[in-house]
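I opened this entry to look up ring contacts and pocket space. Notes follow in the order I checked them.

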Amino acid sequence: MFARSLLPAWLFFMAGAPHAAEAQVAVAANFAEPIKAIAAVLEKTTGHTLKITVGSTSRLYAQIRNGAPFDVLLAADAKAPAQLEADGLAQPGSRFTYASGKLVLWSADAAKVDAQGAVLKTDGFRKLAIANPKTAPYGAASIEVIDKLGLSASLTPKLVQGESIGQTYNFAFTGNAEIAFVAKSQVLEGGRLKSGSMWIVPQNLYAPIQQDAVLLKRGANNEAAVALMKLIKGPNIQVLIRSYGYDI
């Protein structure tokens with residue numbers, strides 16, 4: 001969770017709103033921990049609450065297209081929110097970039113991954129987990145890194161794919177894969193590595209992972225949804241988001 005010191009103390013003692021509402025929020029798997037922290041701030045400062053559904057952006061997008069009752073989408077890319085606008089399912093002008101994701105190579109073993117990622121060029125592992133590159137932005141970034149390092153031939157036979165970046169992290173966390181390309185936000189707590197070992201992948205090895213938020217048509221008149229979108233843009237929450245390893 002987040003450190004309270006990142007936010008002014010008064011945020012935690014304001015009275016809740018007299019007419020608190022609840023918003024249903026679809027959230028990309030890489031943002032699962034930050035949204036819990038943001039939801040806590042929202043409830044403390046406004047009284048509004050969030051019902052959070054976490055999953056891959058592609059699956060959440062499909063659910064919205066099929067009528068799922070979400071008010072807000074926090075995606076792992078810019079494409080899905082833009083497409084929802086084009087589909088007429090999002091409130092025009094509400095889309096904005098709330099974070100820029102960072103990719104890391106991570107292992108639950110504290111001695112497995114070195115600070116330069118040289119382990120990728122060794123025989124020190126059997127399986128490398130990545131998110132599905134066809135549906136997950138972090139998976140596409142992982143393939144881009146592998147290609148730029150010239151390691152496609154040696155690493156492709158070792159790849160195992162998760163449906164989302166959340167499942168990919170679990171492959172490595174449980175030891176089903178010794179190493180994995182995951183979101184930096186998944187392995188940090190309070191700005192520090194929670195456990196294991198990691199290599200922060202240099203930005204020049206993959207295209208920026210722009211993550212956009214959009215207010216859906218269903219949420220246009222939902223006070224909790226509107227308040228959430230406003231809160232995320234605020235400087236205090238931006239500090240919080242950065243503490244999980246994102247850029248803004």
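**Aromatic pairs**

I looked for ring pairs and found that the structure holds 4 aromatic pairs. In one of them, Tyr169 and Phe173, the ring centres are 5.7 Å apart and the planes meet at 20 degrees, so I put the pair down as stacked, the cut-off being under 30 degrees. I note that this is a predicted model.

I then asked where Tyr169 and Phe173 lie in the fold. Both belong to helix α6 (residues 165-173), with a spacing of 4 residues, about one turn of the helix.

**Charges over rings**

I checked lysines against rings next. Lys158 has its charged end over the ring of Phe125, at 4.2 Å from the ring centre. Lys233 has its charged end over the ring of Phe96, and there the distance to the centre is 4.7 Å.

**Largest pocket**

I looked up the volume of the largest pocket and got about 270 Å³. Its lining has 13 residues, and those closest to the pocket centre are Ser58, Asp77, Lys79, Lys134 and Thr135. I traced the lining to elements: α2 (57-65), α3 (79-86) and α4 (137-148) each give two or more residues. By residue class, I logged the lining as 6 nonpolar, 4 polar and 3 charged.

Note on methods. Residues numbered from 1 in each chain as written. Predicted model: local features only at pLDDT ≥ 70, side-chain atom pairs only at ≥ 80, totals over all residues. Heavy atoms only, no water. Phe/Tyr/Trp six-rings, centres within 6.5 Å; stacked < 30°, edge-to-face > 60°. Lys NZ or Arg CZ within 6 Å of the ring centre and 35° of its normal. 1 Å grid on protein atoms, 1.4 Å probe; cavity = no way out; pocket = protein on both sides within 12 Å on 5 of 7 lines; lining within 4 Å. Points joined across faces, edges and corners; volume = space filled by probe spheres on them. Nonpolar A, V, L, I, M, F, W, Y, C, P; charged D, E, K, R; others polar.
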